[in-house]
Structure formats: structure tokens, C-alpha cells
Amino acid sequence: MQPEFIEISKKCKVKLTFTDKKITSYGGLSVIAKLFEKLDFQSVIEQAVPFLETSPNGTGVFAKVLRFGLTVLVGGKRFTHSSFLGDSMEIFEELFSVRRIPQSITSLTRFFERFVHWWQVEHLSEILWDFTADHLIPFKKLKEDFIGFDSSVLTRYGDQQGTAKGYNPKKPGRPSHHPICAFLTNGDFILNLWNRPGNVQSRHNIIDFAKQTFTRVQERIKVLGVLADSGFYDVAFFEFLELIGVPYIIAVVTSQTIQREIAKISDWRVVTSGIHAASFMFQHQDEKWLKPRRYVVIRKDHELRPEALGKQLDLFGTPADMQYRYSTYITSLDSEDWPEEKVWEQYKKRAGDENIFREIKYDFAFEGFVLDGFWATEATMLFKVLFYNLIQFFRSEILKDKDQQSTLHTIRHKILVIPAILGQNGSRLCLRLGIRNEKKKSKIKTMFAEIEAYFLILQTP
């Protein structure tokens with residue numbers, strides 16, 4: 001039977017018709033399928049999810065996590081965006097060797113809504129962390145690093161469990177969640193994540209969170225210190241870090257008390273043009289403060305460096321004070337080995353943590369896939385962190401992108417979005433990628449070769 005053709009226009013020589021062939025816009029996901037197979041990703045997910053499917057018609061927990069993860073990787077930001085994958089789910093079933101991938105959105109939401117207890121999320125977090133530490137983070141290469149702590153405000157527009165009104169700079173008055181994360185500063189991997197209600201401060205539960213984070217990395221890497229912003233300026237946190245022998249550099253809010261101390265400084269040292277440094281010892285008049293600690297101050301001349309960040313000493317407001325921008329840090333590092341400019345340079349690397357938060361928000365839908373249950377929402381966050389770490393591994397170890405220029409957005413459009421048709425080659429199925437550019441063909445081949453080579457080296461005694 002001849003196919004039915006539709007004339008597009010009088011001038012157009014091309015006719016339109018339909019095909020029943022299995023076609024996808026995301027043929028590049030075959031690279032991810034290769035990576036999953038080498039990582040034995042399915043067995044990890046099945047161990048991590050703390051419940052089983054008993055229905056004979058169920059697709060299995062891996063198939064659901066797979067659909068969720070692929071939706072995130074192709075740019076989905078909510079459960080309804082799982083339709084981005086198209087209607088040729090058979091292609092992904094063959095690529096990822098699963099019997100059936102769920103078709104309905106409710107199968108995904110029902111799956112995550114089964115996370116109703118803290119211990120379920122704790123189990124999920126620990127198994128996913130063990131996998132990340134053993135297979136994704138190259139600790140042997142890193143050997144030592146600073147750990148960064150940071151928090152973020154995720155605005156919510158419903159009445160989800162755990163949402164509350166708190167500090168929300170972009171949407172004042174809106175309820176939110178306030179998760180906290182731990183990062184490797186140089187490695188750009190996420191080490192830990194807790195979701196929290198929106199009305200808590202950044203430093204809420206930081207000591208318990210830090211204890212768990214340090215336990216995860218002990219014997220894997222030497223912790224050189226902690227970096228954190230002014231939201232973690234808390235004497236109990238300082239004492240905890242000093243007790244366990246972990247150095248720290250933490251930003252200081254330039255309160256009136258701190259401004260008065262800065263105003264007393266007379267011996268500014270020139271670091272470079274328009275930048276001066278100084279330090280002082282200070283102890284707050286608070287019974288919790290049992291000793292003075294070192295404060296490092298960096299002063300930037302706004303006239304010479306108009307783009308310089310920092311705070312003005314608005315308490316005094318003299319022309320001389322208003323000429324400069326000030327950045328202040330409290331640190332346990334000694335002045336002999338760590339002069340002021342070295343402390344400042346090390347702290348600036350914390351910007352990488354903020355970039356990770358920015359990437360997981362915009363590329364990995366960190367604010368999306370929200371459910372009514374608090375633990376269900378945290379479970380989606382943990383899987384998004386897993387997929388972030390997976391992509392971070394892919395670009396650093398497979399793409400060899402040491403400068404981290406390949407965000408997921410870039411990877412999506414350069415690698416994942418490739419039209420493909422699933423057909424036959426003799427007795428075997430064959431996925432044909434629609435690539436005419438020889439350079440791009442070569443890049444895809446190289447990726448598969450790099451994955452094979454990487455895991456071959458791991459298996460070599």
C-alpha cells in the first residue's frame with residue numbers, strides 16, 4: 001500500500017507523509033546508556049530505593065528513576081515534561097536494557113510519594129553516596145581539597161510539606177525550602193545534601209551536617225579546610241571545627257561592631273594596585289566567645305577598581321571610607337603560612353560552589369519536580385544531585401573538560417540532541433544517528449572509546 005502524501009505548498013517540491021519507524025530526537029543518550037552499563041547503574045538504583053514493587057505489571061524502580069533522570073538530562077523541569085522524550089520509548093528501553101519504561105506521569109509521582117519517612121531518604125542518600133564516592137569522584141587524583149558549605153532558597157508556590165516563609169531575596173514573603181549542600185572546592189562534586197524548611201537560617205544544623213559530610217570523605221581525601229559564606233558565621237561552628245582540627249575561612253557580616261574594628265586599622269599593606277590587606281584579633285562581648293580569633297580584611301579602592309565587590313563602611317560615611325569596598329573573613333589559619341591575600345584568594349574559590357548551585361538550579365531543575373511530601377521532594381533532589389555528579393564525572397573523565405566549560409546545557413545541545421532511527425542490521429538492532437558532519441561523528445566515536453578505555457584501566461590489576 002502506497003503511503004499517503006500531503007502537499008506542503010505549490011512551490012515546495014517536498015511532500016509530507018508519516019512513518020511508523022522508531023525515531024528519537026535524543027540519539028546522543030546512547031552515550032549515557034554506555035556509561036550506565038559500565039557503572040552497573042541499574043543495580044545501584046535497585047539497592048538505593050528502600051522499597052520493592054510487588055505488582056506483576058510494575059515496571060520496576062530502575063525504569064522509573066531512568067525516566068525521571070532522562071527527563072532531567074533533556075531539560076525537563078517538572079513531571080509533565082517527561083513528554084520531552086517523545087513517543088518512541090521503545091528506543092530507550094532497548095538502549096538501557098529495561099523491559100518497559102513507564103508511560104504515565106502519575107507512575108513517577110506515585111513512585112516518589114512512597115518516600116514518606118526520613119529513614120527512607122537516609123538509606124537512599126547513603127547508597128547513592130557510596131556509589132558516587134566509589135565510581136564518580138576521582139579521589140585518588142584529588143588527594144586533598146577544601147570543602148565548601150552553602151545553602152539556597154527554593155521558592156514554592158503551593159502548600160507543600162516543609163515550606164515556610166523565611167529569607168527569600170527574589171520572592172519576599174513567598175514560602176520556600178532552604179536546602180544545604182557540601183561541595184569539593186576544586187573537584188566540583190557535590191558531597192552531601194539536606195533539604196530543610198524555608199524558615200531556618202543558613203547555619204541551622206550545620207554541625208550535624210558537617211559531621212556527616214566529614215564522615216563521608218574521611219580516609220578518601222585530606223580535608224584542607226572549610227569555606228563558607230557569612231550565613232555560617234557562628235561561634236559554635238567555629239569551636240566544632242577547631243575541636244576536630246579542621247581549618248576554616250568564613251565570611252563575616254560587616255556589622256557595626258566589625259566596622260568599628262576595621263576603622264581602627266592604620267597599617268594597611270599594599271597587595272596590588274587598588275587592593276590593601278590587614279588583619280586583627282577580635283573577640284565578641286558574648287559569653288559564648290571564649291577566645292579572640294583572627295579576622296582578615298581586604299580593602300578595594302572603588303575608584304581604581306570600579307567592579308570590585310565588598311561592603312562600604314556606611315557606619316562612618318566619611319569620603320575616605322566610602323572610597324573603599326571591604327571584604328572580611330574569620331579564619332583559624334595562622335598568619336605565617338597564610339598571609340591575608342592567600343586567605344582571600346582561597347576564599348574566592350568558593351565561587352565555584354555558587355556556580356554549582358546555579359547549574360543544578362537551571363540545568364538540573366533543582367527547584368522543580370516538587371511534591372506535596374517533604375521527604376518525597378528531598379528524594380527527587382538527591383537523584384538530581386546524583387545526575388549532576390554523573391555529568392560532572394562525564395565531562396571531567398570522559399570529555400576531559402578540565403575548565404568545566406561544558407555545562408549540561410552545552411552537552412545537551414552538542415551531544416544528546418541527535419536525531420536517530422532504531423532499525424535492523426542483520427539480526428541485531430541498530431541505532432542510526434543522523435550526523436553528516438565527519439568531525440561530530442569522530443567526537444561521538446571518541447566518547448565511546450574513552451568510556452571503554454577508562455573502565456578498562458580500572459579493571460587492570
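Predicted model: local features only at pLDDT ≥ 70, side-chain atom pairs only at ≥ 80, totals over all residues.
Strand β11 covers residues 248–251. In a regular strand the side chains alternate between the two faces of the sheet. Here, Tyr248 and Ile250 point one way. Ile249 and Ala251 point the other way. All four of these β11 residues are buried.

Now look at the neighbours of β11. Strand β15, residues 324–331, runs antiparallel to β11 and is joined to β11 by three bridges. Strand β10, residues 222–228, is also joined to β11 by three bridges, but these two strands run parallel.

How does the chain get from β10 to β11, and what is the handedness of the β-α-β unit? Helix α9, residues 235–244, is the helix of this unit, and together β10, α9 and β11 make it right-handed.

Turn next to a pair of helices. Two packed helices are described by the angle between their axes and the distance between the axes. Helix α1 spans residues 29–39, and helix α14 spans residues 374–398. They pack at an angle of about 100°, with their axes 12 Å apart. Angles of 65 to 115 degrees count as roughly perpendicular, so α1 is roughly perpendicular to α14.

Which residues make this contact? From α1 come Val31, Ile32, Leu35, Phe36 and Leu39. From α14 come Phe387, Leu390, Ile391, Phe393 and Phe394. By class, the contact has ten nonpolar residues, with no polar and no charged ones.

Conventions:
Residues numbered from 1 in each chain as written. Heavy atoms only, no water. Axes fitted to C-alpha atoms, helices over the stretch in contact; angles between N-to-C directions. Helix = DSSP H or I, 4+ residues; strand = E, 2+ residues; numbered from the N terminus. Parallel < 35°, antiparallel > 145°, perpendicular 65-115°, else oblique. Contact = heavy atoms within 4.5 Å. Nonpolar A, V, L, I, M, F, W, Y, C, P; charged D, E, K, R; others polar. Buried < 20%, exposed > 50% of the residue type's maximum accessible area, 1.4 Å probe, protein only. Pairing = 2+ DSSP bridges. Right-handed = clockwise from strand over helix to strand, strands pointing away.
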